[in-house]
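The sequence and structure are shown first.

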Amino acid sequence: MAIARQVLCLSAFLSLPRARSEPIRYSVAEEGESGSVVANVAEDAGLAPAQLSARRARLAWEDGRQHFRLDRGTGRLVVAERLDREQLCGQSGTCTLPFELLLANPLQFFRVEVAVEDINDHSPIFPEQQVTFKIPETSNPGSRFPLEGAQDLDIGSNSIQAYSIAPENEYFSVSFGSRRNGDKYVELVLEKPLDREEEAELGFSLIAMDGGTPPRSGTTQIHIVVLDVNDNSPVFTQERYIGQVLENAPEGSVVVKVVASDLDTGPNGAISYQFSQAVGQSPSAFVIDPVSGEIKLTKPLDFEVAENHELSVRATDGGGLSAICKVLVEVVDVNDNAPELAVSSFSSPLPESASPGTVVALFTVRDRDAGANGKITCALEDQLSFSLRLAYKNYYELVTVSTLDREETARYILTVTAADAGSPPLTTTQTFTVDISDVNDNAPVFNQTSYTMYVRENNVPTVLVGAVSASDADVGPNAKVTYSLAPAHPAERPPCSCISVNSENGHVFVLRPLDYEHVRQIEVSVSACDAGSPRLSANVTVRLVVVDENDNAPLVLHPAQDSSPPSSELVPVSAEAGYLVTKVVAVDADSGQNSWLSYHLLKATDPGLFAVGAQSGEVRLRRPVTERDAVKQKLVVLVRDNGRPPLSATAALSALLLSDFSEVRLPPSSLATEDEGSSLTTYLIISLVFVSLLFLASMVAFVAHKVCKRKELKGGHVLYGTGNLQSSLSEAASAGTLPHAYCYEISLTTGSGNSEFKFLKPILPSLPPQHCARGGGTEDEQDLPRGPITMEDVAPDNPGTLSAEPFNSLSFT
């Protein structure tokens, strides 16, 4: 069978990816076999055949029937089932089958219309196989007798084109044509008068011929009965009656009433009405009263099935004469059909990264009602993220209008309402459940801006000190958080190796023992990273504070606790209670209360003589010195911290109680270095002279001698020679005021009112062997320190000062 293809389309809008502005049109003859090729729709749509399969091309029909199918391999449109134009479109002048070619990824559709062309596959059919006319013999030539014309389901040139009589006779001919209102008529025309006496009945065939190739015909038998007398036929008041009825009118409702009259009287003027049955209208939805001519409903009508009904009514008088009129019943639409919504495409879930304007669903709406009852409007209820957009005619797209956020809304319930314009309006709702799929657009967030953790020093290895925690607003792998150590800045060195973080739960461990005295605080950066693509991360600062433990004992700084014998402090026997002997200085490497030190007298030669300040460490006389007190005093001071448990250290020191030195003080200006000695003023020289006088107390000559020495000193000479000083010190030693093992050299220099007093190293060669040799002397003398005497040794509480008052003796260590 030859297939005619005609593509009628305007220029394609290539910039519109989803729809063409004009449909692709084809034509195909009816009765085509299944599988017949209509056209190559892929080529006409500008698509390659490979795209059809890749983009899941399919055909969508409004009425749900699949009249054609698409060969994805070749792009051809083929007939899916036998097409019967009369069944599809009835007597309509055109028969078009619309559908859409839908493609996905991306969504795109083309409107296609296929016109089904009529072929001459139906013969004319008369409503009755035999028609009987009772014609009075008085009928004049030219009288016309209407016939019910034949019907042909084909259209155009394939419909009825001519009528003829067979066999031809001299009494009748056939006349057919169309009236001004478009109605077709067929009439028998009496050519010559009838004579009942010659021929009471006539019979012949009426043939209807269509214009097809080859032509088809239909036949009905005409039976003529010649009557006598009744020479008037019924006449209708109108050639065409039009009645209107609501489609929801109840059974028995009067649609229209036909009226015919007859000039004859008696039985020849009695008229009866009946339908002239039309093809395809049995059983009829109408009934006519044979007497009154009222046409009533026998069942409800449906506007959507048929908008109007055409009836033929015959009026016959008692003599057999009749007339025919047409009755057109128009069905008035009632809004009894809700809109219909058909979804062609729907995408769910939708990624939250979808850009505004993404098509979520494509659907069509239609209403089988007419006029305002069939006018549809669509609305989307209470949505700010989605909207409806008219795509093409009755096609709508559900699209996004803003960015989506799954963390804010994971699912949207979208309700589309289609309403017609009837009164009252009818509505249909369609619910779209759009799930939003997650995209990794949220970095992990720690539950604190920073973390501070504490660990005691000397901790065990791998001790748990705390945990960091981060959450991710995404779901699935995008929300799975792992932890790791990271430099605070990319340019920094790798993180501390003594801290570790569990990658799964964020637990923070200290891997090795820490020493508070070496490190008190460690700062690291912990990174939380999700498993999305691309991966997102966040950093937080973890500050590890080392808590001090009491693991350091106090350290005595003064007096020095080394292997050499401790130095002795000089205490004049005339010192009062509270006299500062010395001060114990100690430090503790710990901090806080672990470094708070207290001082206690642990051991002393005479415990009642000395007292130690618990907080200051100052060693003072508790009472004045008495003659019963030993000259050599040994003390042990306990230094203890405030830790738990407390740690302690001891300081050993000694003191010499010297009776010949009392209230020894040096003027503040007499400070001197260890190498150069101390600077003395003129008062110091005078004090030294008076001390010497009191110390020697020998004779007036010695005083005079001292005065002479003073004059020599003013003249720039040395006051004392070595031999004189040695002899004097020897005498003092023999008198018991100085230890025998220590000898010192005193030299004075002249100056402008000031002189220097220098303690030199012991002059061992000038002393007798029994006084200067190491190990000589008593046991107490052996415990005395060896070496030069400093100004601190002379006056521990005020180093470098000596009293200007006369004194009887000097005390040295």
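## A buried salt bridge

With a relative accessibility of 11%, Arg406 counts as buried. In this predicted model, Arg406 pairs with Asp438 in a salt bridge whose closest N and O atoms are 2.9 Å apart. Asp438 is likewise classed as buried, at 18% relative accessibility, because the cut-off for that class is under 20%.

Arg406 sits in the loop between strand 29 (395-400) and strand 30 (411-420), and Asp438 in the loop between strand 31 (427-437) and strand 32 (445-446), so the bridge ties together parts 32 residues apart in sequence.

## Further salt bridges

The structure holds 21 salt bridges. In one of them, Arg543 meets Glu523 at 3.1 Å, N to O. Arg543 belongs to strand 40 (residues 537-547) and Glu523 to strand 39 (residues 521-529), so parts 20 residues apart in sequence are tied together. Arg543 is partly exposed at 25%, and Glu523 is partly exposed at 49% relative accessibility.

## Nonpolar core

The largest nonpolar core has 27 residues, of which Tyr26, Phe68, Leu77 and Leu101 touch the most other members. Elements that each supply at least two residues of this core include strand 1 (24-29), helix 1 (41-44) and strand 7 (108-117). Beyond its neighbours within four places in sequence, Leu77 contacts several residues, among them Tyr26, Phe68, Phe99 and Val114.

## Overall chain

The chain contains nine helices and 52 strands. Of its 813 residues, 43% count as buried. The chain exposes about 41,000 Å², and carbon and sulfur atoms supply 52% of that area.

Notes
Residues are numbered from 1 along each chain as its sequence is written. This is a predicted model: local features need pLDDT of at least 70, side-chain atom pairs count only at pLDDT 80 or more; totals for chains, interfaces and linings use all residues. Side-chain values use heavy atoms; hydrogens and water are left out. A nonpolar core is a set of buried Ala, Val, Leu, Ile, Met, Phe, Trp, Tyr and Cys residues joined through side-chain atoms within 4.5 Å. Buried means under 20% relative accessible area, exposed over 50%, partly exposed in between (1.4 Å probe, protein chains only). Helices (H or I, at least four residues) and strands (E, at least two) are DSSP runs, numbered from the N terminus. Contact means heavy atoms within 4.5 Å. Accessible areas come from the Shrake-Rupley method with a 1.4 Å probe; for residues, only the protein chains shown count as cover. A salt bridge is a side-chain nitrogen of Lys or Arg within 4 Å of a carboxyl oxygen of Asp or Glu.
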